[in-house]
2 protein chains.
Amino acid sequence: MTTTGRQLVSTLTADGKLTLALEEKTFPAPTGNQVLVKMEAAPINPSDLFLMTTGADLENAQYTPGSIVMQLHPQVAAAQSSRHGKPQTVGNEGAGTVIAAGDGEMAQKLVGARVACVPGNAFGEYALAEAMMCIPLGDHTSEQGASSFVNPMTALGFVETAKREGNKAIIHAAAASNLGQMLNRICQEDGIGLVNIVRREEQAATLTDQGASHVVNSSADGFEKSLAAAIGETQAFLGFDPIGGGTTSDICLRAMERVAAAQMTEFSRYGSDQAKKMYIYGRLDMSPTILTPSYGFGWTVSGWLLMPFLASCDMPTMMGLRQRVVNGLTTTFASSYKARVGLEEMLTKDAIMDYAKMKTGEKYLVTPHG
Amino acid sequence: MTTTGRQLVSTLTADGKLTLALEEKTFPAPTGNQVLVKMEAAPINPSDLFLMTTGADLENAQYTPGSIVMQLHPQVAAAQSSRHGKPQTVGNEGAGTVIAAGDGEMAQKLVGARVACVPGNAFGEYALAEAMMCIPLGDHTSEQGASSFVNPMTALGFVETAKREGNKAIIHAAAASNLGQMLNRICQEDGIGLVNIVRREEQAATLTDQGASHVVNSSADGFEKSLAAAIGETQAFLGFDPIGGGTTSDICLRAMERVAAAQMTEFSRYGSDQAKKMYIYGRLDMSPTILTPSYGFGWTVSGWLLMPFLASCDMPTMMGLRQRVVNGLTTTFASSYKARVGLEEMLTKDAIMDYAKMKTGEKYLVTPHG
């Protein structure tokens, strides 16, 4: 018995033409510990948009029901030469109901259950997933469980990374995002200092209302001084930056150095000996990262990705993180969405031009059967 | 009994006025395991120039015999606020003859010997040094031993760092420098692959004549392709960049990613899972470091400094590195100089405007009694 449903597919050709289209996809009956999930809710994350809109001319694209054809910036197209001509399914994570299962014991236990999963084709009506990778949602709705993986595991991964590297406090840029709000709650629970950087006063209020002790507004006068003061109070010499382009990481490193230099007893031509580090985990800004020679040589800027982090965890750690997410789905790890769109609606000009902006706090949820 | 001699001192005031001047300095008789060294030769390294010329208007400075008064760029002056009004001695390393020693056994053994040392005031007639930190030069001249520390230990430190981090090959930018030539010889001795990046054909010839297998010229057509080819042949995913500003590190990371992507079996939206790393160990270019979003998230750019590296070595490792330097002073670790200048001559406009350029292969040697 097979199951057929619509699936969002992204195809890039060598000449830079990017097609997003709904295609009929047929799934065989699940075997072993596979389950077939009827997808009910899936968030559009920045990591999904990379395959959908990065470098694309959305304004002048051809929109027809169920498909968009757009032109990609030549450099962006060239950088993805290994996917030229190879259709990619889209949608990292989501939640839904298990409607069929293989013979395996783990799979059989999930029949009829609502689960969160990370199938890589969550923007579709159906997805096959490994039972071991599914998180049973119990009484939670699919919408409540849709973002159980990427954001919660990323936020927990930051705190785990900070602890491993010997830090008691961290900086987070673009801190009012769903992810940032989770991180704010986790840090309070774990006693980790957190310096939240936001761009607007109402974002600062959101975080302060949720118990944040240190929130600095990058649009306010004296931002760099406020940032240094917060770093001084928390001793945060590690930061996480989802913006990537421009000077966000540079500003953080400069503020860290200002604090470290003030704590030194004598001048060093090489800067302070305080190790300073920024992880870039996203590219909300695709312009180059700018690093000025203002903080000696005791600094590191590095990419951070969820999958290598997870691969570095042992099984008990992984299971502990997953259990913590399930326990806190409507509290610590709660997400909110600006809008819900069906599969066809997500390919309309109005919708895509809005969610492609990746504005803080304006995430979309896809409801494939909606 | 005291000893008095001239010493180069650098003083920066809060208004950005930088004074380089020869001052009379009196040394007490050495005690314990201290030795008093009559300094005979000291190289002008980029790390010395940071205290002497970085950000300074050399063209319009006031030159008088034995002193220069110049104006520093306000940002550079502000970044060094912790040294405002505090005179700094200059000259990291050099070599000379031990003319007095404390009672300690190690110190007594060095009386009359030529030694290399790292006193921090090598641009002067005399310096006090710890016997344990001195390297006896045997029959080598002071000129041969003058650069026994900074460049040799840095080049050895690169190779040690590469090995520790699991690399079998490295990239080196500005590779025709004294340091780069040492690194070329060390890598051949140790069987470490080396991709040398140079800017001129004659520099490429210098390194090739010295046995380099991979030399790429950044001024030549097809530079980035040649670089990627050399990385592919050596599998060098770690590099050392003394330029710092501009796109040198970015170009290396892009070439590494090009090689890694070609070795992948399937496309990943996050770039290759090959870890790529560049260490910035100098700032020959003080403009910002530019990092483009062209190599996913599996990358790191970090500062590299000699002193923290040495601090990370255990004593047997340190002694092994030192012995290797002494054994190879006229071969592996040989340095060459463009010109020799006395203390007064180094403060003339002609001299300082030339050595401040830090041109590859044009290092100056100070002969304090010359």
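A polar contact is a pair of N or O atoms within 3.5 Å, where, within protein, one atom must be able to donate a hydrogen and the other to accept it, and where residues adjacent in sequence count only if both atoms are side-chain atoms. The structure is a predicted model, in which local features need pLDDT of at least 70 and side-chain atom pairs count only at pLDDT 80 or more, while totals for chains, interfaces and linings use all residues. Residues are numbered from 1 along each chain as its sequence is written, chains are lettered from A and ligands numbered from 1 in the order in which they are written, and side-chain values use heavy atoms, with hydrogens and water left out.

We can begin with B:Tyr63, whose side chain reaches the backbone oxygen of B:Leu58 at 2.7 Å. B:Tyr63 belongs to strand S4 of chain B, residues 62–64; helices (H or I, at least four residues) and strands (E, at least two) are DSSP runs, numbered from the N terminus. With a relative accessibility of 23%, B:Tyr63 counts as partly exposed, a class that lies between buried (under 20% relative accessible area) and exposed (over 50%), as found with a 1.4 Å probe on protein chains only. If residues up to four places away in sequence are not counted, B:Tyr63 touches B:Leu58, B:Ile68, B:Leu347, B:Thr348, B:Lys349, B:Ile352 and B:Met353, where contact means heavy atoms within 4.5 Å.

A:Thr154 sits in helix H5 of chain A, residues 150–164, and its side chain reaches the backbone oxygen of A:Val150 at 2.5 Å. A:Thr154 is buried, because its relative accessibility is 7%, and, once neighbours within four places in sequence are left aside, A:Thr154 is in contact with A:Phe149, A:Leu179, A:Trp304 and A:Leu306.

In chain B, helix H11 (residues 315–327) holds B:Val325, which is buried, with a relative accessible area of 0%. Not counting residues up to four places away in sequence, B:Val325 touches B:Ser148, B:Pro152, B:Leu156 and B:Phe333.

Two loop residues of chain A deserve a look at their backbone angles. A:Ala174, in the loop between strand S11 (169–172) and helix H6 (178–190), has a phi near 55°, a positive value in a residue other than glycine. A:Met358, in the loop between helix H12 (349–355) and strand S20 (364–366), has a phi near 50°, again a positive value in a residue other than glycine. A:Ala174 is buried at a relative accessible area of 10%, whereas A:Met358 is partly exposed at 25%.

The same surface serves both copies, for 100% of the contact residues of chain A recur in chain B.

Finally, the lining of the largest cavity includes A:Trp299, B:Ile280 and B:Arg283; a cavity is a set of points, on a 1 Å grid over the protein atoms alone, where a 1.4 Å probe fits but cannot get out, and lining residues have an atom within 4 Å of a point.

Note on methods
1 Å grid on protein atoms, 1.4 Å probe; cavity = no way out; pocket = protein on both sides within 12 Å on 5 of 7 lines; lining within 4 Å.
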